[in-house]
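User: Here is a model that I would like to go through by questions and answers.

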Amino acid sequence: MELHDNRGLREGFTTGSCAAAAAQASALRLTTGRCPAQVRIVTPVGKELTLDIVEYAFPACGVVKDAGDDPDATDGMTVISSVELGDGDGPINFKAGPGVGVATLPGLKVPVGEAAVNPVPRQMIEEALRAVIGPRSACVTVSIPGGEEKAAHTFNPRLGIAGGLSVLGTTGIVKPYNVESVYASFSLELRTFASSGLKCVGLCFGNSGEKAMRRVWNLGGRVIMHTGNYIGFVLDEALRLKLERALICGHPGKLLKVAAGTFDTYNRTGDGRREALCTQAALAGAGRGVIRKLYESTTTEVAMQIVREEKLDFLWTTLAEVTAKRCRERMFGELAVEAAFIDNQGRLLGASSGAAAFAEELAHAQ
């Protein structure tokens with residue numbers, strides 16, 4: 001039976017639901033000698049799922065992930081659980097099979113060295129198993145074929161989860177286009193920074209920004225995280241987790257939006273790039289013709305070229321100060337923020353007055 005949300009979009013089920021159903025099927029196969037065609041589980045939100053089972057080498061069973069109408073990275077992948085029963089009563093233990101990661105940093109939801117099967121999926125798996133094996137001890141090995149390759153395109157390597165994907169889900173149900181999972185990843189990464197004792201964090205928007213940031217400030221180690229479009233959420237979480245300082249670096253195509261006060265930089269959410277640039281150019285005395293050229297520029301790269309041609313390069317330092325001030329105002333002065341503009345070639349365009357000191361702190365923290 002398909003589930004739909006109030007927008008008519010088809011809901012899916014999480015990797016946690018897959019692992020729980022597969023574990024129950026594996027336990028049934030051990031105890032009855034037959035692999036069931038389907039099993040029924042109840043998710044943490046009370047929704048009942050009947051999931052098809054794929055038979056693997058005894059006693060392993062799998063479930064193919066269906067993310068519904070959500071563009072989930074693991075949609076169509078198979079989650080396999082293999083249960084090994086203990087000799088007597090006892091706990092359920094977990095192992096990471098091929099394609100499932102292992103926690104390597106403190107601050108995650110599972111201890112260092114443990115399989116990256118999050119607490120709610122663990123609870124779901126245990127409940128599904130207890131329905132078959134009662135209080136008997138067991139070890140569940142969870143695998144996701146192809147998971148190690150897929151994990152390279154997720155937040156897992158940055159979170160300190162090595163070797164594969166995480167088994168996730170707090171509700172058992174995938175809500176289409178739900179940004180909550182992205183927020184959860186940001187929170188986890190910031191928590192690992194805080195747990196390591198880091199007080200200053202480097203922030204950039206993506207991979208190219210990180211490469212440029214490392215090149216400009218000569219940074220190594222794990223001191224930088226990506227914010228994607230959600231710089232405002234990341235700043236809020238950094239403060240909540242008691243980080244004290246943040247250095248934000250980025251290309252003008254993104255960072256100018258923050259200078260304009262836009263803290264969700266998705267192109268359909270907000271902009272302000274031209275307005276921020278033109279305002280500072282006008283305040284610096286640029287003529288009306290220059291301002292018009294900047295305002296009518298089709299891309300940020302074109303605007304950057306105009307800035308160079310008109311010898312207005314000093315504007316990037318001014319705008320970095322504006323960006324840092326905007327961020328500090330958003331945080332009511334409770335989080336110290338500095339900013340720097342960097343181009344696609346990894347050259348520093350301009351930085352706020354305290355950016356170099358923050359970068360030096362990050363360099364010593366690596």
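User: At roughly what angle do the axes of helix H8 and helix H9 cross?

Analyst: This is a predicted model, in which local features need pLDDT of at least 70, side-chain atom pairs count only at pLDDT 80 or more, and totals for chains, interfaces and linings use all residues. Residues are numbered from 1 along each chain as its sequence is written, and side-chain values use heavy atoms, with hydrogens and water left out. Helices (H or I, at least four residues) and strands (E, at least two) are DSSP runs numbered from the N terminus; axes are lines fitted to C-alpha atoms, for helices over the stretch in contact, with angles from 0 to 180 degrees between N-to-C directions. The axes of H8 (residues 252-259) and H9 (residues 273-283) come within 7 Å, and they cross at roughly 75°.

User: How are H8 and H9 oriented to each other, roughly parallel or roughly perpendicular?

Analyst: Angles under 35 degrees count as roughly parallel, over 145 as roughly antiparallel, 65 to 115 as roughly perpendicular and the rest as oblique. The crossing is at roughly 75°, so H8 and H9 are roughly perpendicular.

User: Which strands stand at the edges of the open sheet of 5 strands?

Analyst: The order is E4-E5-E6-E10-E7, with mixed pairing; two strands pair if DSSP finds at least two bridges between them. Each edge strand has a single partner, so one side of each is left without a neighbour in the sheet. These are E4 (54-55) and E7 (92-96).

User: Which strands of the sheet does helix H2 touch?

Analyst: Helix H1 (residues 15-32) packs on the sheet, touching E4, E5 (61-64), E6 and E10, and its direction makes about 50° with that of E6. H2 (residues 119-133) also packs on the sheet, at about 125° to the direction of E7. The strands touched by H2 are E6, E7 and E10.

User: Is Thr-15 buried or exposed?

Analyst: Buried means under 20% relative accessible area, exposed over 50%, and partly exposed in between (1.4 Å probe, protein chains only). Thr-15 is found in H1 and, leaving aside neighbours within four places in sequence, is in contact with residues including Lys-65, Val-79 and Leu-168. Its relative accessible area is 5%, so Thr-15 is buried.

User: How many disulfides does the structure hold?

Analyst: A disulfide is a pair of cysteine sulfur atoms within 2.5 Å. Cys-61 is buried at 0% relative accessible area, and its sulfur is 3.6 Å from the closest cysteine sulfur, in Cys-35, which is too far for a bond. The number of disulfides is 0.

User: In the hairpin of E17 and E18, which residue takes a positive phi near 80°?

Analyst: E17 (residues 336-342) and E18 (residues 348-351) pair in the antiparallel sense over 3 bridges. Ala-340 has Ala-351 in E18 as its bridge partner. The hairpin has 5 residues between the strands, and the residue with the positive phi is Gly-346.

Note on methods: Contact = heavy atoms within 4.5 Å.
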